[in-house]
Amino acid sequence: MDNTEVWRGYYDFALLLKDIGDDEADLYFKKAEDVSIAIDVQLWNEDKQGYNSELSKELDWNNFYPDARANMRMLLFGIPNTEDKIDLIYHSFISNHPDWITLEAGDTQCMAMSVGTAVAKDYNTLNSFLENIETQIMPDKDWPWKISESGYYIRTLLILENVD
């Protein structure tokens with residue numbers, strides 16, 4: 001999960017530098033590319049059809065955290081960038097954790113999973129999750145709802161807004 005954040009940080013910083021005309025943008029695009037390649041080369045587990053959550057631990061799709069969630073964060077942050085791997089990861093996630101959408105108010109929110117689900121274009125599951133969030137959790141917006149959950153919620157709605 002941390003590796004995806006490093007990649008996204010480099011990439012977004014490169015975009016910012018490019019927008020303001022800073023010559024160092026290419027340097028940060030290169031750093032982002034290097035991290036992305038390292039993630040694919042070092043962490044992709046061909047046998048398990050997903051990413052290991054760390055170098056010394058093999059992916060276990062039954063393990064929701066960190067293994068399955070780490071793979072959904074790959075979708076959230078834009079790694080992988082091929083439809084085939086997105087489909088493989090999402091299918092493995094939803095096959096092993098079909099009940100992730102039925103969170104209750106005291107559960108970890110997992111709004112980041114909604115973005116991964118939107119990236120995978122599973123709108124039926126996504127709409128069920130959002131309905132659950134909106135009826136079970138959002139009325140109180142109590143712990144464990146955090147500002148990051150609000151950001152993921154907004155990002156999910158923006159993705160849905162652009163769906164035909």
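N132 has its place in helix α6, where helices are DSSP runs of H or I with at least four residues, strands are runs of E with at least two, and both are numbered from the N terminus. The model is a predicted one, in which local features need pLDDT of at least 70 and side-chain atom pairs count only at pLDDT 80 or more, while totals for chains, interfaces and linings use all residues. Residues are numbered from 1 along each chain as its sequence is written, and side-chain values use heavy atoms, with hydrogens and water left out.

N132 counts as buried because its relative accessibility is 12%; buried means under 20% relative accessible area, exposed over 50%, and partly exposed in between, with a 1.4 Å probe and protein chains only. Between the C-alpha atoms of N132 and I94, which lie 38 residues apart along the chain, the separation is 17 Å.

Helix α5, residues 111-119, is mostly covered, with eight of its nine residues buried, namely M111, A112, M113, S114, V115, G116, T117 and A118. These buried residues of α5 pack against α3 (64-77), α4 (83-96), α6 (123-137) and α7 (147-161), contact meaning heavy atoms within 4.5 Å. Just after α5, K121 takes a positive phi of about 65 degrees.

Turning to the loop between α1 (2-19) and α2 (25-43), one finds D23 there, and D23 is exposed because its relative accessible area is 75%.
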